[in-house]
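Work through these exercises with the model open beside you. Try each task before you read its solution.

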Amino acid sequence: MTDHNTPLVPMSSPDITDDERQAVMEVLNTPNLSMGPRIDEFEKAMADYVGAKHAVGVNSGTAGLHLCVKAAGIAPGDLVITTPFSFIASTNVLLYENAIPVFVDVDPKTGNIRPDLVARAADDLAAGGSAARQWLPRKGADTFGPLKAILAVDVFGQPADYDALREVADRHHLVLIEDSCESLGARYKDRPAGTLGDYGVFAFYPNKQITTGEGGLVVTNDSLAQRYMRGLRSQGRAPGDTWLQHTYLGYNYRLDEMSAALGLVQIGRIEELLQKRQQVADWYNERLSEIPGVQPPQLVAETTRVSWFVYVARFEPGHDRDAIARRLDARGIPVRPYFLPIHLQPYMIERFGFKVGDFPVTEDLGNRGLALPFSGMMTEAQVDIVCRALRECIQ
Ligand SMILES: Cc1ncc(COP(=O)(O)O)c(C=O)c1O
């Protein structure tokens, strides 16, 4: 814990103007606080922005991912290849359906899932027997169903390698889910993040590129899937059902009108918001390149237009990341280790028997990465404060 009540620089800040405030106030002056016109407008604006046929607004990124898992037909015991280097929700949504995550390790540069390992896992799982077993968790997978999907994550705003993932998905008839919760506005080979799989999911927590407070949204070109997701998000009401008719077991994953109104203004400002974040990242990149022992985030320049979500610096081996983090915190600079590997969270160890060493690249990145304060609201002077403190704390 810090002995500063208020950090010198906040970990993140939403970028809210009078336009957002007014838009929310306008909703509050109507009787429609949920399921009104704003959600439709926000969905249309989001679908247009990424160039998808459909957008389904929900009340969190996690809810959106869960709907994708349902739409993909993932049932108890089914296998899904995914990454242990992610925010926890990308795996949790599989466990909600009692599916079994098949983790494969990630690329040491980007932290994104390695398509060559995805391909090997898919081939071996299709072969069955001992070839398949080696990819499964030590426990919790005595009986298992077919491989159904690949769930890839665009780590820190950089899309994964989707051409290679698509090839595996097509070859094995798998659904490809893109967790683009961190990558709104990013591009892969000039194609927008969110449209790179069969379904893409965005999240709008206040530290994201655009915010709705809490919120999320699925984009897809699959008309049947989006109808199903629309039903599921509102207590399982299929098109034509009345308020008290429920064709499916559903959820309350609806996005309210205040949030949708906020999101609508924010997506209208997306280029400005992305540009501000890029500027802050540029300031960090410049300064970090002069601090020995720490590296700026690494991008695959040939394929990626990054959309900065967090700014995760990486310490070179031999530095004690946690000690540096404690020193920064004591000086009023909030920082976060990013990510703590999913397979080493206590409930994952208990359920699946994972051990340290199972996914060495994920664990190495997890031990060396530190998210610095970051948002489009940061000033150059604040970046200076953080980088000066970092330089001193490393020594
Ligand atoms: C990669 C990833 N997936 C899923 C989520 C979940 O989004 P939410 O917090 O809106 O449920 C996040 C949120 O930070 C995320 O970064």
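**Exercise 1.** How far does a polar side-chain atom of T62 lie from an oxygen atom of the ligand?

*Solution.* The distance is 2.4 Å. A polar contact is a pair of N or O atoms within 3.5 Å. Next, take D179: an N or O atom in its side chain is 2.7 Å from a nitrogen atom of the ligand. Then take E182: an N or O atom in its side chain is 2.6 Å from an oxygen atom of the ligand. Finally, turn to cover: on its own the ligand has 390 Å² of accessible area, and the protein covers 91% of this (Shrake-Rupley method, 1.4 Å probe).

Two notes on the source. This is a predicted model, in which local features need pLDDT of at least 70 and side-chain atom pairs count only at pLDDT 80 or more, while totals for chains, interfaces and linings use all residues. Residues are numbered from 1 along each chain as its sequence is written, and side-chain values use heavy atoms, with hydrogens and water left out.

**Exercise 2.** Describe the shell around the ligand.

*Solution.* Start with the count: 13 residues surround the ligand (a heavy atom within 4 Å). G61, T62, D179, E182 and K208 are the closest. Now sort by class: six are nonpolar, four polar and three charged (Asp, Glu, Lys and Arg count as charged; Ala, Val, Leu, Ile, Met, Phe, Trp, Tyr, Cys and Pro as nonpolar; the others, Gly among them, as polar). Last, find the largest share: helix α3 (residues 61–71) gives three residues (helices are DSSP runs of H or I, at least four residues; strands are runs of E, at least two).

**Exercise 3.** Why is the pair F85 and F156 edge-to-face?

*Solution.* Rings of Phe, Tyr and Trp (its six-membered ring) pair if their centres lie within 6.5 Å; planes under 30 degrees apart are stacked, over 60 edge-to-face, the rest tilted. The count is 16 aromatic pairs. For F85 and F156, the centres are 5.9 Å apart and the planes are at 75°, so the pair is edge-to-face.

**Exercise 4.** Which residues does a cis peptide bond join?

*Solution.* Y338 and F339, with omega about -20°. F339 lies in the loop between β13 (336–337) and α12 (346–352).

Notes:
Polar contact = N/O pair within 3.5 Å; in protein donor to acceptor, adjacent residues only side chain to side chain.
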